[in-house]
Amino acid sequence: MRSFIGRDILSLKDFDRHEYARVYEVADMLEPYARDRKNGDLLKHKTLVTAFYQPSTRTRLATEAAMHRLGGHVTGFSDAKMTRAGDFYQEGIQDTVKMLEYYGDVIAMRHFQQGAPHEAAKHASVPVINCGDGWGEHPTQVLTDTFTINRLKGRLDGLTWILIGDMRMRTMHSISYALSKFDTKAYVISPDEMYFLPEFESEVRSMGFNFERKEHIEQVISEADVIYMEPVVQPDYTKSRQEATDDKGLTPANYQVTKDLLFSKAKGDAIVLHSLPRQDELTTDVDDTRFQRYWVEAYNGVLIRMSLLALILGAVE
Ligand code: CP
């Protein structure tokens, strides 16, 4: 297994099974800091720099919370408009990163341009964590999601997944790479205009991602161990920010999960994951059911970011 020390986390494309296991193992080991709400000092000499060029609630705050839990320091920005990248100067990634690398020991970046964290990593002397790049990838979210399933089901092999919603989403790309490394079967359900790009579909099929396309969740929900959701009512992820219009539209039943549907058609131990935020594709009446695991998914997001920070910064071997 490659060492994590000093490594960029940009994509799950090249993550192997041992690396998933190691990230999960360290997350388990560090859990007491989050569970007991008691910060430690493992990273007391380290600083995280967050560079978020697109809105975020969970990813930025979970990464920052993870750093605080391990006793580290945090600096950075969450609104690029208040930096020189977002004003008259439109300062580029290269120049920005050449500054940020002196302000901390690891950079967590979200960007509306696909590949921006990869570009940052080329120029940074400190590791870069991709916290979501345009429609590209969202590796820390999917490490969280697979960790959640591994904990709840005791394995990732042998499970049937439904991926439902917008397949252009960065989570859908990262989960496809992840599932290609395990013995899984998946059903993919999305509108035509939100389906995988042909080159991406070919790539993940060639990597071993075993999936069939379906039209409506009712066709396959009875087979699913995991229902992995994204909205189809979505902003444009290539923009730095998009305000909602009055008429955002509603989610067709094909792409919607409700309490009635789960109780009438799903396996009793099926799990619903959603990286959030949601629109009407996941009705709030699911929140109080046994199928819901998106709140523990959010808690696990802190564990996974603690694990990654500790591994990358060399606090654990
Ligand atoms: N799931 C996720 O990436 O959420 P945020 O956009 O709030 O970070």
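## Domains of the chain

Domain bounds, as used here, come from an automatic or database domain assignment. In this predicted model, that assignment divides the chain into domain 1 (17-138 + 298-312) and domain 2 (140-296). The centres of domain 1 and domain 2, taken over C-alpha atoms, are separated by 24 Å, and where the two meet, 31 residues of domain 1 are in contact with 37 residues of domain 2.

## Where the ligand lies

The ligand lies between domain 1 (17-138 + 298-312) and domain 2 (140-296), because both of them give residues to the shell around it. The space that the ligand takes is the largest pocket.

The residues that surround the ligand are Ser56, Thr57, Arg58, Thr59, Arg110, His138, Gln141, Ser275 and Leu276.

Which side chains of the shell place an N or O atom at 2.8 Å from an oxygen atom of the ligand? Arg110 has a side-chain N or O atom at 2.8 Å from a ligand oxygen atom, and the side chain of His138 likewise has an N or O atom at 2.8 Å from an oxygen atom of the ligand. For Ser56, the distance from an N or O atom in the side chain to an oxygen atom of the ligand is 2.7 Å. On its own the ligand has 260 Å² of accessible area, and the protein covers 91% of it.

Notes
Residues numbered from 1 in each chain as written. Predicted model: local features only at pLDDT ≥ 70, side-chain atom pairs only at ≥ 80, totals over all residues. Heavy atoms only, no water. Near = heavy atom within 4 Å. Polar contact = N/O pair within 3.5 Å; in protein donor to acceptor, adjacent residues only side chain to side chain. Areas by Shrake-Rupley, 256 points an atom, 1.4 Å probe, with all protein chains shown as cover. 1 Å grid on protein atoms, 1.4 Å probe; cavity = no way out; pocket = protein on both sides within 12 Å on 5 of 7 lines; lining within 4 Å. Sits in = over half its atoms within 2 Å of the grid points. Contact = heavy atoms within 4.5 Å.
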